[in-house]
Amino acid sequence: MKKRNTKIDKTVGPKFKEIRKEAHVSLKELAQKVGVVSPSTLSRWKRGEEGLPVEIFEKLLTSMNISYNEIIASEVDINQVIARIEYDYQKNKTEELKKLSLCLLDKYHQARDEFSKVEYLLKSAMAMNYYLDLSGVDLSDDEYKKALAKQFEYVNY
């Protein structure tokens, strides 16, 4: 029985898609550059439907001159943000939570690609929720509330 290759998690695909689109590179073009994968395989991966072999992922990164850190930085960052929010909340650091909330809200408004907008939308929602619990003050604006509601309208519980 043949052992399967290690795969890059399917959640990385959407971030890679945003970077690829910013670079104006098509899936077909990218598949041709790498030479070992079809556009349909890349498409399933970027949609988060399946993993991608590490060897292919490394070739994709090299062909687009992207570092692995650019792809995974947001996942590491979210854990750091959560830890900071929880620490500030537990220590009742209302002003620190307010600063973090406003900083993340500003990054949400400045984000250029959809992946980053969603990422900052969710990070800021966490921070603002904890701040609201401590202070009773809602820092969000109407545009932000609509975006947050839209993000969760597709979630089935």
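Q: Contact means heavy atoms within 4.5 Å. Among contacts in this protein between residues at least 6 apart in sequence, what share joins residues at least 24 apart?
A: First, a heads-up: this is a predicted model, where local features need pLDDT of at least 70 and side-chain atom pairs count only at pLDDT 80 or more, while totals for chains, interfaces and linings use all residues. Residues are numbered from 1 along each chain as its sequence is written, and side-chain values use heavy atoms, with hydrogens and water left out. Now take the contacts between residues at least 6 apart: the share joining residues at least 24 apart is 61%.

Q: In what order do the elements run from the N terminus?
A: Helices (H or I, at least four residues) and strands (E, at least two) are DSSP runs, numbered from the N terminus. The protein has eight helices and two strands. Read from the N terminus, they go β-α-α-α-β-α-α-α-α-α.

Q: How much of the protein is buried?
A: A residue is buried if its relative accessible area is under 20% (1.4 Å probe, protein chains only). The protein has 157 residues, and the buried part of them is 34%.

Q: Is α1 roughly parallel or roughly perpendicular to α4?
A: Axes are lines fitted to C-alpha atoms over the stretch in contact, and angles run from 0 to 180 degrees between N-to-C directions. Here the axes of α1 (residues 12–22) and α4 (residues 54–64) come within 12 Å and cross at roughly 20°. Angles under 35 degrees count as roughly parallel and 65 to 115 as roughly perpendicular, so α1 and α4 are roughly parallel.

Q: How do α7 and α8 sit relative to each other, roughly parallel or roughly perpendicular?
A: α7 (residues 114–135) and α8 (residues 142–152) have axes 11 Å apart, at an angle of about 110°. Among the residues that meet are Leu121 and Met128 in α7 and Tyr144 and Phe152 in α8. The angle makes the pair roughly perpendicular.

Definitions and conventions:
Parallel < 35°, antiparallel > 145°, perpendicular 65-115°, else oblique. Buried < 20%, exposed > 50% of the residue type's maximum accessible area, 1.4 Å probe, protein only.
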